[in-house]
Amino acid sequence: MRILIAAVVLAMLAGCATSPVPSGKARPAPSERVSGYQKPVPGGSSLIVTRDTGFTGGGCFATVFLNGAPVAKLDTGEKAVFQVPPGEWLLGAALDGSGLCATNPERMEISVVLSQGQQKKFRVFLPAGGGSISVQPSSF
């Protein structure tokens, strides 16, 4: 019986995993939830940040940060495109809200280095079985 219960719990957790969304199929986040780096920069680069779809964290917005400043709030299946000067950037994300949304760390960040004219894609997601929000490079 314990094995059956464990198998059901594991199956439920696996069902809660998020799924990557190709940036071309993701919905653009509404402009009222995107607040920075929206104008083209001469000789600039671009960051495309897409949030996975799925049940886990679906009731919370994911706040996206560039160099520590909040620049967007993404719902599941949404993306935001940021026009930035080339160089090193800190790209971060955190769940926004109260209740279970507030149980994650303040922010998870990664370092991104962009060359002139370069475009890089990233995904924001929550891993299966719980855990903290994550930001990773993506080819989607």
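Ser45 is located in strand 2 (residues 45–51), strands being DSSP runs of E of at least two residues, numbered from the N terminus. The model is a predicted one, in which local features need pLDDT of at least 70 and side-chain atom pairs count only at pLDDT 80 or more, whereas totals for chains, interfaces and linings use all residues. Residues are numbered from 1 along each chain as its sequence is written, and side-chain values use heavy atoms, with hydrogens and water left out.

Ser45 counts as buried because its relative accessibility is 3% (buried: under 20% relative accessible area, 1.4 Å probe, protein chains only). A polar atom of the Ser45 side chain lies 2.6 Å from the backbone oxygen of Ser115. Beyond four places in sequence, the contacts of Ser45 (heavy atoms within 4.5 Å) include Phe82, Pro86, Leu114 and Ser115.

An open, antiparallel sheet is formed by four strands in the order 4-3-6-7, where pairing requires at least two DSSP bridges between two strands. Strand 4 (69–74) and strand 7 (108–114) each have a single partner strand, so one side of each is left without a neighbour in the sheet. Strand 3 (residues 61–66) is joined to strand 4 by five bridges, and Leu66 has Ala69 of strand 4 as its bridge partner.

Among the residues touched by Leu91 are Val49, Val64, Leu66, Ile110 and Phe122.

Conventions. Buried < 20%, exposed > 50% of the residue type's maximum accessible area, 1.4 Å probe, protein only. Polar contact = N/O pair within 3.5 Å; in protein donor to acceptor, adjacent residues only side chain to side chain.
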